[in-house]
Amino acid sequence: MSTNQAETAAPATAPIAGSAPEPDPPGPSYRWRWWILGTILVAEVMDLLDTTIVSIASPAIHEDFGGGTSQLQWIGAAYTLTFAVLLITGARLGDLVGRRRMFLIGTFGFTLFSALCAVSVDSGMLIGSRAVQGAFAALMIPQGLGIMREVFPPKEVGGAFAAFGPVMGLSSVLGPVLGGFLVTADILGTGWRMVFLINIPLGLAGVVLAWKLFPKNTRTPGATRLDLVGMVLLSAAVLLLIYPLVQGRDLGWPIWTYLSMAGSVPLFGVFGWYQRRLRTSGGSPLVEPSLFRNRAFTSALGVGIFFFAAMSGLMFGLTLMMQLGSGWTAMHAGSTMIPMSLGIAVGAGLSGAVLGPKYGRKVLHVGMLVMTAGVLGLWASYSHWGLHITSWDLIAGLAVTGLGMGLLIAPFFDIALAGVTDQESGSAAGVLNAVQQLGGSIGIAALGTGFFSWASSRGFVQATGWTMGCTAAALLVAAAVGFGLPRMARPESAPVEE
């Protein structure tokens with residue numbers, strides 16, 4: 001990356017050999033900004049690996065601990081649920097008490113509870129540790145985007161955000177590949193526990209780098225106090241929606257599960273009303289109401305919830321089909337996902353470097369349509385070969401699905417955050433990440449419940465077809481909502497030329 005004029009004006013004094021560099025004051029000339037970006041991406045990798053890597057290890061965990069099928073869903077959903085419930089609160093706490101402080105607390109707690117997940121003695125301890133791990137992730141993840149806006153000059157912000165697409169896409173799909181290797185390799189007899197132990201060196205590195213490099217004054221001007229009422233309303237609305245989706249099938253879908261899901265809708269409405277009322281009265285709302293007057297942002301939320309629900313549900317259903325349906329090992333299932341990883345890498349590279357800056361919103365639509373075609377191809381493959389399908393039979397469908405996913409993810413955040421002011425950045429980052437996690441929770445809960453229901457009544461092949469059909473439908477809805485996005489991202493957020 002070329003050196004900008006502000007950077008050349010910064011002090012040229014080199015750090016003492018063998019000592020950690022001292023951070024400069026935050027601002028456009030913040031000299032360690034690319035190291036900070038790397039640290040933030042480490043946190044994103046931990047989160048995304050922890051969301052996806054566990055799906056491939058779930059059958060092995062279930063074999064050790066037993067229990068019903070809902071426990072398989074809760075191993076994944078407990079993390080994403082607490083993450084989604086508390087993420088906006090975590091972002092707001094960053095505004096109030098400092099993003100650096102919240103990042104350090106969140107990263108340390110995430111690492112600690114990763115260790116507790118690894119030493120769990122039963123499913124209850126594991127699910128509980130996963131829930132607390134998700135809560136600390138909600139303190140860690142939303143701080144990154146706000147810090148990036150502080151330390152990067154406007155002409156480099158787009159280039160920094162562009163790094164999120166490839167990293168997120170590859171981490172999401174490399175998770176099952178890595179998880180399959182770790183479970184099958186059984187390193188030092190740890191088995192599935194290694195999928196949590198791998199977070200410990202990454203988390204400790206993130207704590208050290210953030211302590212040394214992050215700017216200390218990273219509070220949002222004008223932030224006053226935490227909106228506890230808004231936090232309770234939002235948390236209750238999310239819980240009313242997700243809990244019955246995961247637990248309803250094992251309980252036989254009693255009437256309260258339907259009432260709970262229906263009750264979440266007006267409660268979300270009450271939350272929105274309260275946020276507007278609080279801002280009008282001069283208070284400090286949990287979510288800035290002005291965000292929802294930004295067409296790019298609100299449309300991106302709609303795209304995000306359907307896309308991430310489709311992606312999470314698809315990954316969950318595929319790994320279950322490969323291991324429980326076809327009887328593949330974790331290593332076999334994980335390595336089968338490599339064509340999807342390669343497709344994401346190609347798609348993200350093309351979209352982030354060439355297609356996104358030139359064609360803008362059109363790339364998002366092409367990505368969703370390409371991914372839909374890949375999913376339908378996977379459906380056709382399972383319909384033709386059934387339980388006797390091989391990894392070779394899935395290569396084309398997985399590669400096309402990954403290509404579409406990569407085309408979408410690379411420019412997504414740049415467009416989603418277009419028009420967001422510095423005062424809104426913490427709230428916007430929290431909302432956007434919360435929608436991502438909420439979409440993932442809904443995908444695992446809804447598509448996972450449907451998969452197990454169809455598998456028990458009509459077999460695994462029909463269950464996989466149901467999952468693929470729902471995934472394709474969600475992607476088409478996301479494509480329709482995407483027409484509300486602006487045609488291009490902001491010029492000042494465009495990636496910097498090398």
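Predicted model: local features only at pLDDT ≥ 70, side-chain atom pairs only at ≥ 80, totals over all residues.
Leaving aside its neighbours within four places in sequence, which residues is L202 in contact with?

View 1. Residues are numbered from 1 along each chain as its sequence is written, and side-chain values use heavy atoms, with hydrogens and water left out. Beyond those sequence neighbours, L202 touches V42 and M46 (contact: heavy atoms within 4.5 Å). L202 sits in helix α10, residues 199-213 (helices are DSSP runs of H or I, at least four residues, numbered from the N terminus). Its relative accessibility is 28%, so L202 counts as partly exposed (buried is under 20% relative accessible area, exposed over 50%, partly exposed in between, with a 1.4 Å probe and protein chains only).

**View 2. Helix α2 against helix α13.** Here α2 (residues 33-65) packs on α13 (residues 295-325) at about 30°, axes 9 Å apart (axes are lines fitted to C-alpha atoms over the stretch in contact, and angles run from 0 to 180 degrees between N-to-C directions). That makes the pair roughly parallel (angles under 35 degrees). On the α2 side, S55, I56 and P59 meet T319, Q323 and L324 of α13.

**View 3. Where α16 ends.** Just after α16, G386 takes a positive phi of about 65°.

Notes. Helix = DSSP H or I, 4+ residues; strand = E, 2+ residues; numbered from the N terminus. Parallel < 35°, antiparallel > 145°, perpendicular 65-115°, else oblique.
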